[in-house]
Amino acid sequence: MRQLTDSPLVRNGKSIILAHDHGLEHGPTAFDEVPERLDPRSVFELATHDAVTGFAVQKGLAETYYPSYEDDVNLLAKLNGTSGLWMGEPYSPQTCSVDYALELGADAVGYTVYPGTNREPEMFEEFRDVQEQAREHDVPVAMWSYPRGQALKEHRKPSVISYATRIALELGADIAKVKYPRSGRAMADAVAAAGDVNVVLSGGSKTDDYEFLSLVETAMNAGASGLAVGRNVWQRENPEQILDALEAVVFEEATADEALAE
Ligand code: FBP
C-alpha cells in the first residue's frame, strides 16, 4: 500500500471522486434526462468544483478534454472498461496503459476487478501488472472492486462487500471502491476488512437528495473515506448543489440534514 497523504486525490484522508465513464459502461442513454451532459466539457466543468478531489474518466475523454482542465482537476485515469453491450461473463479489458495515463497527466489510476467471475484469474493478472507499474511511478491505484459472476446472486451481501474490500488490500490497491452493503454496520465491517486501504462508496443510480446524503452520512460514520460518484451528481439538474452538500458531509462531518439546510 502507498501512503495517500501526499496525493491530491485525498484531502484530510478523504476523497470525492467524480466518475464519468458511463458513456462507455452504460451508453449514451445515461444522459437521456440530462442531454447537456452528453458533452463531456459540462462534466469536466463540474469536476472543477472544490468538493471534487479526483475525476475518473477513460483515456478518450482525458486525451481530448483534460488539457483544458489540468490546472483545476486531478485526473484519475480509468485503465479498463466494458460496454453495456457485452453480454458475456463479466470482464473488463484494459483500455489504457499506466505509461499512457501518466503521459495524459494522471494523478492516479483506476481499475475494475470483478472477483468471482470465470475470468477472475485474467483480471487478477492484469491488475497485478497495472499495480506494479503504478508502484514504479508512485501513483495511487483505485480498485473498483465489484464481485460478480454466475455463482454470485447477491452482489451487495455484507460478506461479499467485505470480501471485495479485502481483495483490494490483498492485491495492493490504495483505494477500494465498493457498492453499499445495505447497512452502516456492514460498511464498518467492510472498512475493517480493508486494513489501511481507503474504502469509498460507489454512488449508484440517482436517488433523492436526502436519501443519497443519508447514505453517504452512514457510510462516513462507518469509517468510509468518501465516495466515487457519477449519476447521483451529474444526472441532477443542479449538480453543484449536491456537490456543496457532499463536501459538507464528507469533509466537514455535517449530517445530511445540516448539509441540506446550508
Ligand atoms: P455511479 O455513481 O453512477 O454508480 O458510478 C460509479 C461507477 O463505478 C462508474 O464508474 C461506472 O460507470 C458505474 O458505476 C458502473 O456501474 P455498474 O457496474 O453497476 O454498471
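## Overall fold

The chain's secondary structure amounts to eleven helices and eight strands, where helices (H or I, at least four residues) and strands (E, at least two) are DSSP runs numbered from the N terminus. This is a predicted model, in which local features need pLDDT of at least 70 and side-chain atom pairs count only at pLDDT 80 or more, while totals for chains, interfaces and linings use all residues. Residue numbers start from 1 along each chain as its sequence is written.

The C-alpha trace spans about 50 × 40 × 40 Å along its principal axes. Among contacts in the chain with a separation of 6 or more, 72% join residues 24 or more positions apart, a contact meaning C-beta atoms, placed from the backbone, within 7 Å.

## The core

Of the 262 residues, 48% are buried. A residue is buried with 20 or more other C-beta atoms within 10 Å of its own, exposed with 12 or fewer, and partly exposed in between. The largest nonpolar core has 85 residues, and L18, L76, V109, M143, A176, V216 and V249 have the most contacts inside it. Helix α10 gives the largest share of this core, seven residues. Such a core is a set of buried Ala, Val, Leu, Ile, Met, Phe, Trp, Tyr and Cys residues joined through C-beta atoms within 7 Å.

Leaving aside residues up to four places away in sequence, A176 touches M143, S145, A164, T165, A168, A194, V197 and V199.

## Helix α7

Helix α7 covers residues 184–193, and its buried residues are M187, A188, A190, V191 and A193. They pack against α6 (158–170), β6 (175–178), β7 (198–202) and α8 (209–221). Just after α7, G195 has a positive phi of about 60°.

## Around the ligand

There are 14 residues around the ligand, with A19, E25, G203, G230 and R231 coming nearest; a residue counts as near if its C-beta atom, placed from the backbone, lies within 6 Å. At least two shell residues come from each of α1 (22–25), β8 (226–229) and α9 (231–234).

## E247 on helix α10

E247 sits in helix α10 (residues 239–251). It is partly exposed because it has 19 C-beta neighbours inside 10 Å. Beyond residues up to four places away in sequence, E247 touches D50 and A51.

How values were computed
Contact = placed C-beta atoms within 7 Å.
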